[in-house]
Amino acid sequence: MPEQVGKAFAAASGVTVKYIEGTNADTFPKLVSSVQINASKPLVNLGFFNAQSFSQGNGQNLWLPVPDSVTAIDQVLPEYRVPDRRGAYLVMDAMGLVYSKKAFPTPPKSWMDLFAAANRGKVTTWDAPSFGVNALPVIAKLNGGSESNLQPGLDVFENAAKAGQFRGFIASLDALRQQLNSGEVVIAPGFQGVAEPWIQAGDPIGFAVPTEGVMAFPEGFQIVKGSSDAQVDATAKLMNQIFSPENVSAYCNATGTLPLVQGAKLDAKYADRPSFQLSTVENAIRLDWNALVAAIPAATKVWNEQVKAHI
């Protein structure tokens with residue numbers, strides 16, 4: 001969707017739009033390096049990033065406030081608006097439990113099912129420092145901790161690792177899919193937007209919304225500091241188009257994500273799927289990403305010593 005909108009915008013405005021495709025893990029460090037080399041020539045002018053990159057960029061003063069002319073972001077759900085207009089969230093992926101339907105005739109119900117003895121040796125997750133996607137912050141919060149106090153979650157993971165709960169850590173989504181299909185893994189934290197294409201392809205894989213709520217993983221756009229006035233003006237006009245309800249709807253229907261823009265709607269095929277309803281967004285566990293990002297270095301050291309050492 002962003003590329004389709006960008007091409008139409010370029011044709012109508014005479015602006016040249018170039019694209020870089022990649023993951024946050026790959027592209028964000030390259031962006032940081034680019035501004036360190038030349039602050040007036042950032043790798044991108046307008047980027048689509050996840051919540052963790054939003055916070056990391058805040059810490060490195062990478063973002064410009066979205067101009068007031070971008071009125072379309074005023075339709076973002078109030079609870080997902082970014083302070084000081086330092087970017088704008090477009091959609092939310094829901095992180096819950098991905099599972100093998102062969103192992104679970106009925107879906108798992110709780111985040112703590114990751115640590116149930118019945119699943120011992122058949123659980124996986126991501127290694128440190130990928131705490132934004134491996135469920136550690138959620139488990140910490142459910143056990144009395146917080147994003148700035150991850151130790152309660154680390155203790156749960158440590159005890160599980162010592163008991164042989166984990167088959168190992170995954171390094172790719174392809175590996176997760178293969179292990180779920182083969183039965184090597186029966187349950188893992190995972191994203192609905194990732195699992196949906198597997199489900200549509202007929203894999204015996206399900207996505208479950210835990211009773212405690214999914215973890216909200218918002219994603220959206222940032223205008224990068226160092227862009228010229230002309231580039232900022234063009235990105236503002238492009239953002240107004242990208243954030244239209246029609247374009248947000250198209251993106252969400254193509255990716256299995258949830259719209260954060262009022263007026264955007266999902267296709268009828270999602271109507272009877274509880275995990276695709278507005279209530280999933282409203283009841284989601286929302287993280288303090290700034291606190292989590294600040295806690296990552298210390299938590300990674302503890303994870304390596306207390307959890308990874310037992311894998």
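At what angle do helix 5 and helix 11 pack, and how far apart are their axes? The model is predicted: local features need pLDDT of at least 70, side-chain atom pairs count only at pLDDT 80 or more, and totals for chains, interfaces and linings use all residues. Residues are numbered from 1 along each chain as its sequence is written, and side-chain values use heavy atoms, with hydrogens and water left out.

**First stop: helix 5 and helix 11**

Select residues 151–162, which form helix 5, and residues 289–306, which form helix 11. Helices here are DSSP runs (H or I, at least four residues), as are strands (E, at least two), numbered from the N terminus. The two helices pack at an angle of about 20°, with their axes 10 Å apart. Axes are lines fitted to C-alpha atoms, for helices over the stretch in contact, and angles run from 0 to 180 degrees between N-to-C directions. Helix 5 and helix 11 are therefore roughly parallel to each other (angles under 35 degrees count as roughly parallel, over 145 as roughly antiparallel, 65 to 115 as roughly perpendicular and the rest as oblique). Their crossing is right-handed; a crossing has this hand if the near helix is turned clockwise from the far one by less than a right angle, and is left-handed if anticlockwise.

Next, display the side chains of the contact, a term that means heavy atoms within 4.5 Å. Helix 5 contributes Gln151, Leu154, Asp155, Phe157 and Glu158, and helix 11 contributes Ala299, Val302, Trp303 and Gln306. These residues divide into 5 nonpolar, 2 polar and 2 charged (Ala, Val, Leu, Ile, Met, Phe, Trp, Tyr, Cys and Pro count as nonpolar, Asp, Glu, Lys and Arg as charged, and the others, Gly among them, as polar).

**Second stop: helix 1 and helix 8**

Select residues 2–13 for helix 1 and residues 229–242 for helix 8; their axes come within 10 Å and cross at roughly 130°. Helix 1 and helix 8 are therefore oblique to each other, and their crossing is right-handed. The contact is formed by Val5, Gly6 and Phe9 of helix 1 with Ala234, Lys237, Leu238, Gln241 and Ile242 of helix 8. By class, there are 5 nonpolar, 2 polar and 1 charged residues.

Isoleucine 223 belongs to strand 8, residues 215–224. Is isoleucine 223 buried or exposed? At 0% relative accessibility, isoleucine 223 counts as buried (under 20% relative accessible area, with exposed over 50% and partly exposed in between; 1.4 Å probe, protein chains only). Beyond its neighbours within four places in sequence, its contacts include Leu62, Trp63, Val232 and Met239.

Now move to arginine 86, 137 residues away along the chain; the two C-alpha atoms are separated by 8.3 Å. Arginine 86 sits in the loop between strand 2 (63–64) and strand 3 and is partly exposed, with a relative accessible area of 31%. A polar atom of its side chain lies 2.7 Å from the backbone oxygen of tryptophan 63. For a contrasting distance, select leucine 176: its C-alpha atom is 34 Å from that of arginine 86, at 90 residues along the chain.

Most residues other than glycine have a negative phi, and most peptide bonds are trans. In the loop between strand 2 and strand 3, aspartate 84 has a positive phi near 60°. Aspartate 84 is exposed, at 65% relative accessible area. Arginine 85, in that loop, has a positive phi of about 55° and counts as partly exposed at 22% relative accessibility. Then select proline 129, in the loop between strand 4 (123–126) and helix 4 (136–142): the peptide bond from alanine 128 to proline 129 is cis, with omega near 5°.

Serine 100 lies in strand 3, residues 88–100, and is buried at 2% relative accessible area. Leaving aside neighbours within four places in sequence, serine 100 touches Leu180, Val185, Val186 and Pro204.

Finally, select aspartate 203, in the loop between helix 7 (192–200) and strand 7 (205–208). Aspartate 203 is buried, with a relative accessible area of 13%. Which side chain joins that of aspartate 203 in a polar contact? The partner is asparagine 181, at 3.1 Å. A polar contact is a pair of N or O atoms within 3.5 Å; within protein, one must be able to donate a hydrogen and the other to accept it, and residues adjacent in sequence count only if both atoms are side-chain atoms.
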